[in-house]
Every structure is written in structure tokens, then in C-alpha cells.
Amino acid sequence: MPIKIPDSLPAKEVLSGENIFVMDESQAFHQDIRPLRIAILNLMPTKETTETQLLRLIGNSPLQVDVTLLHPRSHISKNTSAEHLKSFYKTFDEISHRRLDGLIVTGAPVEQMEFEEVSYWEELKEIFEWSKDNVTSTMHICWAAQAGLYHHFGVRKVALPEKCFGVFAHTINQNNIKLLRGFDEVFHVPHSRHTDVSREDIENNPDLQILAESEEAGMYLVATNDGKQIFVTGHSEYDPLSLKWEYDRDVSRGMEMALPKHYFPKDDPERTPPAVWRAHANLLFSNWLNYYVYQETPYDIDPIVY
Ligand SMILES: CC(=O)SCCNC(=O)CCNC(=O)[C@H](O)C(C)(C)COP(=O)(O)OP(=O)(O)OC[C@H]1O[C@@H](n2cnc3c(N)ncnc32)[C@H](O)[C@@H]1OP(=O)(O)O
Ligand SMILES: N[C@@H](CCO)C(=O)O
């Protein structure tokens with residue numbers, strides 16, 4: 001949350017120069033507060049796990065958040081029960097008449113398919129188009145980041161020679177970016193993917209900025225200049241044992257799997273990995289909610305119906 005101080009206090013200039021959010025009295029006087037309307041489009045097969053992970057991060061904020069869970073109506077889920085979806089989820093057509101303050105689109109284990117082979121691709125394209133005019137800011141995670149960059153900007157997806165799998169050190173590329181406020185100079189994030197996005201396509205697009213990256217894992221945070229679209233290539237929301245679960249799953253299927261990098265103590269899969277990305281994950285989500293959603297969204301969000 002911003003600190004509210006008198007307009008003329010000298011500290012205001014110092015803190016503003018350090019990328020600390022300072023709101024002067026005149027701005028604060030005009031701020032109205034209402035719960036934020038956030039939807040999570042959950043494309044993961046393991047929906048209950050992902051719900052919990054994302055709600056944990058969204059919940060760590062002083063803002064009231066009204067959450068709607070969405071699943072694609074054009075895909076019949078094998079791994080999440082119809083009963084769970086019926087009880088807790090809606091589909092896009094049920095909510096598209098109302099605007100959203102924020103939308104989160106999750107990853108999905110479909111990165112090795114062409115986008116057009118994904119059963120809900122047409123529906124997702126419709127949601128992406130709708131989001132441009134009806135959502136204040138959209139956060140795309142992992143495969144959704146690849147899908148969003150491809151749909152909105154024609155950024156190509158690129159196969160990696162080996163799975164990017166582990167917990168990697170990252171650094172920030174630019175100062176004075178609101179999404180990066182309070183970040184350490186080096187922070188850690190899990191990645192788990194077989195594909196990447198084309199750096200060349202992103203660098204050649206004047207609407208996109210690479211905000212943070214990793215020497216080993218590549219680009220991590222990409223955003224449009226106006227902050228309306230955020231693309232996150234890693235999984236800050238993952239639980240401490242998510243990578244272990246994926247590793248054990250693949251080994252038990254007889255796959256030749258390299259250990260997740262920088263994860264198990266002394267690279268011993270019998271030892272418990274420590275979560276070293278939790279503080280970063282909380283900061284990423286609270287910065288997004290505060291600066292890209294709450295501070296930007298209009299108080300009267302719904303279109304006026306005549
Ligand atoms: C790159 C990223 O975004 S990483 C995020 C993705 N990571 C994860 O999902 C990790 C957890 N998932 C998993 O471990 C596995 O997907 C499992 C264990 C749940 C299931 O794997 P499998 O048994 O090999 O495959 P299964 O045939 O059940 O299909 C897996 C999922 O792939 C997706 N999928 C497969 N084919 C398609 C398709 N043509 N169109 C859309 N989705 C598809 C679906 O999400 C499907 O699950 P769902 O129907 O419950 O939504
Ligand atoms: N995180 C994913 C990668 C596949 O999309 C998994 O290992 O299940």
C-alpha cells in the first residue's frame with residue numbers, strides 16, 4: 001500500500017527516486033475503495049492445487065479481492081471432477097458481460113503442441129481479445145505467457161534442447177518499474193518447461209519490455225509498456241515440493257529425467273528441498289495487485305447499460 005505524506009515533505013522526493021510508492025495528500029483524498037474483481041482462468045489439469053497456490057498469493061494483501069474461478073467450456077477435464085467444476089467454477093460466457101480489474105491465466109501442460117491443436121485455443125483467443133478492453137491488467141503464467149505473447153504480438157514459441165527445470169537465480173533489468181518494487185537484486189524462481197519464447201521477437205517489438213531474467217533460465221518477466229499485460233515464464237506460485245512431484249512422476253513413468261537444478265540439497269532427491277522463492281512470489285503478486293490493478297482500475301468498472 002502507498003504511504004501517504006504531505007505533498008511538500010522532502011522525503012517524498014527521496015523515496016520517489018528509490019521507486020517507493022508515495023501518494024500525496026491530494027491524490028489520496030480522491031481515492032475510493034471497493035473490492036477488486038479478479039478472475040483466475042485455470043487451465044491446469046491439477047486445478048485444486050493451482051487454485052490453492054494462487055489464492056495463497058492473492059490473499060496476502062490488505063485489499064479485498066473477489067475471486068471468480070474460470071475453466072474453459074470447450075475442454076472436458078480428465079483430471080478435475082465435473083462436480084468440483086460445477087460447484088466452484090464458471091465459464092467465460094457467464095462472466096463476459098462484466099469487466100474485471102484483473103485476470104490471471106495459468107500454465108497448462110500443452111506447450112509441446114501447436115497452439116492451434118489445443119482444444120480450447122479458439123475460446124482462449126476470444127478471452128484474450130476480450131481482455132484488451134475489459135480487464136485492467138492480465139497476468140499470464142508459463143504456457144499462458146507463451147500463448148498470450150503469440151496471440152497478441154506474434155512472438156514465436158521455441159523448443160528447448162532440454163527441459164528448463166529447477167530453481168534459478170534472476171536479476172532485474174530496469175530500475176523504477178512498479179512490478180519490481182522491493183525486489184532483491186538476485187531472486188529465485190522455479191521453472192518447469194520444455195519451450196521458451198523468442199527473445200528476438202520480443203526485443204524487436206517496441207511495445208514489450210523484458211523486466212527480469214536469468215542467465216540459466218532466460219527471460220522471466222515481460223510486460224507491455226502500459227502494464228496491461230504481464231507475462232511470467234516461471235512458476236513463482238509453485239509449492240516447495242511441486243518440482244519434486246513432477247520429477248517423481250516422470251521417473252515413475254520410466255522417463256530419463258535430469259534432476260531439477262539448484263533444488264534438492266546436495267542434489268540428493270531423498271532430501272527435502274527448501275522453498276527459496278516464496279518472498280519473491282508474494283511480492284510479485286502484491287505489486288501486480290496494487291500497482292497494475294488497484295491503482296489503475298476505475299472505481300466504476302462496469303460498462304453503463306442504457
Ligand atoms: C509449461 C507450463 O505451463 S507448466 C504447467 C503445466 N504443468 C502441469 O500441469 C503439471 C501438472 N500436470 C501433470 O503432472 C500432468 O498433466 C497430469 C499428471 C495431471 C496428467 O498427465 P497425463 O496423464 O500424461 O495426461 P492426460 O492425458 O491426463 O492430459 C493431461 C492434460 O493435458 C492437457 N491436454 C492434453 N491434450 C490437450 C489438448 N489437445 N487440448 C487441451 N489440453 C490438452 C489437459 O490439461 C489434460 O488434463 P485435463 O483434461 O485434466 O485438463
Ligand atoms: N511443468 C510441466 C511442464 C510440461 O508442460 C510438467 O512437468 O508437468
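Me: A residue is near a molecule if its C-beta atom, placed from the backbone, lies within 6 Å of it. How many residues surround ligand 1?

Reply: This is a predicted model: local features need pLDDT of at least 70, side-chain atom pairs count only at pLDDT 80 or more, and totals for chains, interfaces and linings use all residues. Residues are numbered from 1 along each chain as its sequence is written, while chains are lettered from A and ligands numbered from 1 in the order written. P45, N79, G107, C142 and W143 are the closest to ligand 1. The shell holds 23 residues.

Me: Which helix and which strand each supply at least two residues of that shell?

Reply: Helices (H or I, at least four residues) and strands (E, at least two) are DSSP runs, numbered from the N terminus. The helix spans 242-252 and the strand 186-197. They are α9 and β9.

Me: What do the buried residues of α9 pack against?

Reply: Contact here means C-beta atoms within 7 Å, placed from the backbone. Start from S242, L243 and Y247, the buried residues. Their packing partner is β9.

Me: Which residue just after α9 takes a positive phi?

Reply: Follow the chain past the end of α9. The phi there is about 85 degrees. The residue is G254.

Me: What is the largest C-alpha distance among the residues annotated "active site"?

Reply: An unreviewed UniProt entry gives that annotation to C142, H235 and E237. Such annotations may be inferred rather than shown by experiment. These residues are spread over 96 residues of sequence, yet they cluster in space. Their largest C-alpha distance is 10.9 Å.

Me: Is C142 buried or exposed?

Reply: C142 is in the loop between β7 and α7. Leaving out residues up to four places away in sequence, C142 touches G107, R193, T233 and H235. With 26 other C-beta atoms within 10 Å, C142 is buried.

Me: Which residues does E237 contact, leaving aside neighbours within four places in sequence?

Reply: E237 lies in the loop between β12 and α9. E237 is buried, with 26 other C-beta atoms within 10 Å. Its contacts are Q53, L54, L57 and A281.

Conventions
A residue is buried if 20 or more other C-beta atoms lie within 10 Å of its own, exposed if 12 or fewer, and partly exposed in between; C-beta atoms are placed from the backbone. Two residues are in contact if their C-beta atoms, placed from the backbone, lie within 7 Å.
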